[in-house]
Amino acid sequence: MTQIGQPRGTKLMKRAHMQQPSDSIMAVLSVDLLIQILDRVTDSCDRKSCRLVCRGFLRAEALQRRALRVFRREALPRLLRRYATCLERLDLSTCPALDDYALSASLAAGTGRWQLRSVNLSRASGVGWRGLAALVAACPLLEAVDLSHCVGLGDRDAAALAAAAGLRELRLDKCLSLTDVGLAKVAVGCPGLKKLGIKWCLEISDIGIDLLAKKCQDLMELDISYLKISNKSIQSISSLVKLEVLSMVGCSYIDDEGLEFLNNGTNSLRVIDVSRCDNVTSSGLTSVIEWHKRLQKLNVGDCFPELSPLFLSKLNGLKDSLTVLKLDGFQLCSSSLKIIGMNCKNLAKIGLSKCKSVTDEGISELVAGCVDLMTIDLTCCHLLTDKALMAIGEHCKKLSCLRLESCNLITEKGLDRIGTCCSNLEEIDLTDCSICNTAMQYLSRCSKLMVLKLGLCDKISDEGLVHIASNCKLLRELDLYRCIQITDDGLAAIATGCKKLQKLNLCYCTQITDKGMKHVSCLEGLSDLELRGLCHVTSVGISEIAKGCRGLSELDLKRCNLVDDAGLFALAQYTGNLRQINISYCPVSGMGLCMLLVNLECLQDVKVVHINQVTVREFENALRGSLGRLKKLKLLIGLKHLLAPWLIQMLQVRGCRIRWVDKPCYEPFLAY
């Protein structure tokens, strides 16, 4: 999905396309031909550049566009007017300060022309029943709406949405005010629902689930995770003969008796997730897999400690269908893994995180049978050594993701086999592993590597990063948390060799200085940067980042003790897309804080703990300037009784969730 509303393109480029001569070659090309040209431009930045070439391309792009993501509220009416005719998918989840008026007024621009089928309003806490009513009225073809994490959304809002009779997909995760009444409105008004998410809607009970099951018989996917429902709800759900995906994570009141209701003879379930269901045992799951022979994904992590022999034997009935099996937290012996390897030969993904009894022998038995595995999660399997990695390398040639966090016994010898045999590897997590630069040399053979996590690997130095930069040109995410031997030279190598990097974690890499920030600023595609605890980085380095990485959306500067107002001024001037920032413990003043919060119109998540040079009045001024935009705010609890009550109430009414941190306050901070 192309992102719109970002400050892309220079004034000079805009002026140039407005001054195109009438005899330009573009003037004689038809709109259909220009659309065909755009179809062949795959890079999103290149497509944005095409819009600046001439008005013809601008019109062609408007006719061709099907999806739109908006970052700025003030740009919304103009963009929707331009794309009203052909737009099918609209993402407003990152549009700050969106409320009923802004949504209604923007939709009015395209009344009668809307082709919208999907709208994402996730975390749009300012949108209520009026805005939803306007959305439903303006978009008669609406099929999918995402309102997840709109914590204030309640029954009246659900009733407004229920007027969209053609709705097929609806996400209401963590809508904490939604009750059985609101769910009933949706069930009656939208009987054709196929996908519904009501995760964390804690006010919904068995009554609401029962009515849902009666009215929405076409449901194919249902997420009821963490609801306080009983076996009665599962009995109601069992009547949904078309249900294929059921997620019930953390449903503590459901037990084996409830699972037995799923044995309704339909054999429809393809995916079931009962992880963290404390009262579910191996016996209940055995009955499920016995009746649903076409299960493709099964997640039973953190339920009960051991798998029974009967459960393992019944897996043989899923040998042709099961592709994903998650067994996190189980006590698994080698014989159990051998049975899984024999009975589930089509597995593409297995999760064994925190299975502390897993050994090299068990992994060898597993991979000998499951040669098509693409994702293997062995996080915190502390007994594994290089023998396990050698077995994986020998058998799993299709491996694309390997998670080995806290597997402290593996060395570069095992990673040598992985680097040699697993050429399709795209992601590897080596957090808290005792590996050295030689391991990086071996992994650099994996030219398709996109995610590399090396947090707490204190033996990795610049030499290792040079190896990675030499051949891993596709790297998108690099985690170097507390890699204390990394210096500016290592960042220079990464900035030169890994131009596509989007996410970089340098927290507590204490040797890095402003020179390193200059290298990082060359990564123009960087969107997420973590610099926590970099004691030698100053505002000069942050200014370089601000000027070079203008697409930055998340920035962590916590405990960067040399970053002051000058750094914040640069961020306020250049990083217009910044949505999340942490400046806790930074020596900034009220002026710097105010400049940051007022000028960054996309800013939604701010952490400002122990900003001791900022007075209460200055805090109030800064927060007033960002009213309506902030969705998350982290403050010291000492401020709770010092800030104006009306200001706190206004922030919360406009959808901002405030997290009060209970830490001692310093006297300068409390000064008014």
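Guide: A residue counts as buried when its relative accessible area is under 20%, as exposed when over 50%, and as partly exposed in between. The model is predicted. With that cut-off, aspartate 556 is buried, because its relative accessibility is 8%. The side chain of aspartate 556 forms a salt bridge with that of arginine 532, at 2.8 Å from N to O. Aspartate 556 belongs to strand S21 (residues 554-556), while arginine 532 is in the loop between strand S20 (528-530) and helix H23 (539-548), so the bridge ties together parts 24 residues apart in sequence. Arginine 532 is partly exposed, because its relative accessible area is 23%.

A second pair joins lysine 242 and aspartate 218, whose closest N and O atoms are 2.9 Å apart. This pair links distant parts of the chain, 24 residues apart: lysine 242 is in the loop between helix H11 (231-237) and strand S9 (245-247), and aspartate 218 is in the loop between helix H10 (206-215) and strand S8 (221-223). Lysine 242 has a relative accessible area of 41% and is therefore partly exposed. Aspartate 218, at 25%, also counts as partly exposed.

Glutamate 74 and arginine 72 form another salt bridge, with an N to O distance of 4.0 Å. Arginine 72 is buried, because its relative accessibility is 15%. Arg72 and Glu74 are also part of a network of salt bridges that includes Glu601. In total, the count comes to 19 salt bridges.

Notes
Residues are numbered from 1 along each chain as its sequence is written. This is a predicted model: local features need pLDDT of at least 70, side-chain atom pairs count only at pLDDT 80 or more; totals for chains, interfaces and linings use all residues. Side-chain values use heavy atoms; hydrogens and water are left out. Buried means under 20% relative accessible area, exposed over 50%, partly exposed in between (1.4 Å probe, protein chains only). Helices (H or I, at least four residues) and strands (E, at least two) are DSSP runs, numbered from the N terminus.
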